[in-house]
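Here are a few notes to read alongside the model. Take them in any order you like.

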Amino acid sequence: MELRQLEHFVTVAEERHFTRAAELLQISQSGLSASIRSLEQELGTSLFIRSTRRVELTTAGQALLGDSVRTLASAAAARNAVAAVRGLVRGRLTIGAEPCLGSVDLPAELASFRTANPGVEVRLRYSGSVELVDAVAGGRVDVALVVDTGHTPPRVQLRRLNTQEMLVLCHPEHRFAANESIPLEELRGEPLIGFQEGWGAQALARRAFAAAGFDYRAAMEVNDVHPLLDLVGYNLGVAVVPASFAKKRPDKLKAVGLLGEVPSWTVAVAVADEPSPAAGAFLRQLQTA
């Protein structure tokens, strides 16, 4: 069993797709398939259940995944420690981010980091904040730009960058639009446009509604800010979002303040208690920007 094979296995397990995994690994799909078959033959069991659209882990694959991630992380830490002694920042940096955080220009930060650290291979993945924090805890992501939802697993730190208020976004003809602010209770039973499970705005709205004594139920769910704005623009519902979202279409949508116990939208960097040298370099860049 080689580290290269474990890397191939973990990438396929995370992507649930051989083609996407091969693209990330920058190898041919046939080469990746051969590597996985060789690993399965060595272990004497199948690791994936393959279908035409995606692959799933078998029970044996699930058992192997955790140790594989830890083994790869330990090997990377060893390489990074040697590089650090030589005064170099090398290795791989996997960065996670929830889209549209409203406070960090991530493409610009990545460009600056790559210029300053040409020896680091940077990978980027987008997802919801809850999943990304768990990915940092599991060693699958080194640094994640997230919304602080109150979910912080052991061995993970949240370093806060900035905070903004949550508000209601609605169509100009909606009954809320005549108000500068409304009580949170007014949203009881109101059709909501929201994000999928685990995204920052969804987690914060769910917490606020629960504290007010009623359930959060989105009539329509999206995974990006632009379709959310489109749906609100057609008066199909209202959305509970950070204030920065209202600046995207100020001439078409109305922002209404919220009264009550509403959590703030706090953007933070999630990182392991002992970050790698590359992760540390990226953190320092963010905190001095």
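1. What percentage of the 289 residues in the chain is buried? Buried residues make up 45%, where buried means under 20% relative accessible area with a 1.4 Å probe, counting protein chains only. A word on the source: this is a predicted model, in which local features need pLDDT of at least 70 and side-chain atom pairs count only at pLDDT 80 or more, while totals for chains, interfaces and linings use all residues. Residues are numbered from 1 along each chain as its sequence is written, and side-chain values use heavy atoms, leaving out hydrogens and water.

2. On the overall build, you'll find ten helices and 13 strands; these are DSSP runs numbered from the N terminus, with helices (H or I) of at least four residues and strands (E) of at least two. The C-alpha atoms fill a box of roughly 65 × 45 × 30 Å along the principal axes.

3. Now the inside. The largest nonpolar core has 57 residues, and Leu93, Leu187, Phe209, Leu228 and Phe282 touch the most other members. Such a core is a set of buried Ala, Val, Leu, Ile, Met, Phe, Trp, Tyr and Cys residues joined through side-chain atoms within 4.5 Å. Helix α10 (residues 277–288) gives the largest share of this core, six residues. A second, separate core of 18 residues includes Ala13, Ala22, Leu25 and Leu57.

4. Have a look at Phe282. Setting aside neighbours within four places in sequence, Phe282 is in contact (heavy atoms within 4.5 Å) with Leu93, Ile95, Leu106, Glu109, Leu110, Phe113 and Val143.

5. Of the chain's contacts with a separation of 6 or more, 72% join residues 24 or more positions apart.

Conventions:
Buried means under 20% relative accessible area, exposed over 50%, partly exposed in between (1.4 Å probe, protein chains only).
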